[in-house]
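Hello,

Here is the structure I promised to pass on.

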Amino acid sequence: MSRSFAFAAIAVCALIWGTTWFAITLQLGPVDPVVSIVWRFGLAALVLFGFCAVTKRPLRLNRAQHLAALGQGVCAFAVSYGFVYAAEEQVTSAVVAVIFAALAFVNLILFRVLGGVKASSAAWLGAALGVVGVGVLSTGPLSATDAGLDPERGVLFAVIAVLASAFGNWFAWRGQRAGAPVVGATAWAMAYGAVILAAYGVATGVTWRIEPAPAYVLSLIYLSLFGSVIAFGLYFSLARSRGYALASYISALTPPIAMLVSVLFENARFGWSALAGLGLVLAGQVLLIRAPKV
């Protein structure tokens, strides 16, 4: 993947995921979050399976590749998004997006501890700038969570979601090392995540339904096709080509977009510190773009 295409992929993912945080809030209400997540990733998996069939991309995985896809599905799509939806029931969507900006830094630590993957000093500095920048950027939103029912619990749920997502990246990397095709492996991972959550939903007695309201249906389609199929397809392709540290740094670029959406639709307010924080985040992005693959 060329540097120009990497920039384009980062921009598209940041724009999509920057708006999906608010789209998730449109899924909250009469439909249990577990059910909404199952619909989202179940539909996304079917689309990816169909895409692979039409384009004749490989779908068959060996045992090691299936195990990696299973781990990826459980962590990145079932556990992570289960806690994301739970967090957004307690705090504004921008707060969850801001917390997710720590993903690049968590990835570097996790890959170093579990895989012995050594990152360059530029990668560590870039990830650290992202964390600091988001900290500055979030001084407003984290103190303005009055829209939530239980802000502390919402923040805790978001932190758990970040950790689960990092482990999902780890399993995706394991699948890459096992030679799994990126699109096929992502399709299987989403399918596994949906099945695991569906089993949990059956065990806990959730009501299976789809809210016929236009806001729910349109947000479900957007989250499935754009937020899952397109964004995750680009994300994992970028991660394989340019490294997981760079790919996960997309989560540091989404807060400004999520904050703007939150201002427009959730009545959130942010101070001028957001500009300083955004500058640090973008500086970290440049360092990670230039850093060796991690």
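**Aromatic rings and helix packing**

F232 and F236 are both buried, where buried means under 20% relative accessible area, exposed means over 50% and partly exposed lies in between (1.4 Å probe, protein chains only). Before going further, please note that this is a predicted model, in which local features need pLDDT of at least 70, side-chain atom pairs count only at pLDDT 80 or more, and totals for chains, interfaces and linings use all residues. Residues are numbered from 1 along each chain as its sequence is written, and side-chain values use heavy atoms, with hydrogens and water left out.

On to the rings. Those of Phe, Tyr and Trp (its six-membered ring) pair if their centres lie within 6.5 Å; planes under 30 degrees apart are called stacked, over 60 edge-to-face, and the rest tilted. That rule gives 15 aromatic pairs. One of them joins W39 and W208, edge-to-face, at 5.7 Å centre to centre with 65° between the planes. W39 belongs to helix α2 (residues 33–55) and W208 to the loop between α8 (182–204) and α9 (214–242), so this pair ties together parts that are 169 residues apart in sequence. Helices here are DSSP runs (H or I, at least four residues), numbered from the N terminus. W39 is partly exposed at 27% relative accessibility, and W208 is partly exposed too, at 35%.

Back to F232 and F236: their ring centres are 5.9 Å apart and their planes are at 20°, so the pair is stacked. The two sit four residues apart in helix α9, which is about one helical turn. Ring pairs also link F232 and F236 with W17, F41, F77, Y81 and Y235 into a cluster.

How do α2 and α9 pack? Their axes are 9 Å apart, at an angle of about 50°; the axes are lines fitted to C-alpha atoms over the stretch in contact, and angles run from 0 to 180 degrees between N-to-C directions. The two helices are therefore oblique to each other, since angles under 35 degrees count as roughly parallel, over 145 as roughly antiparallel, 65 to 115 as roughly perpendicular and the rest as oblique. Contact (heavy atoms within 4.5 Å) involves residues including W39, F41 and L43 of α2 and L220, V229 and F232 of α9.

Finally, helix α4 (residues 93–100) is mostly covered, with eight of its eight residues buried.

Best wishes
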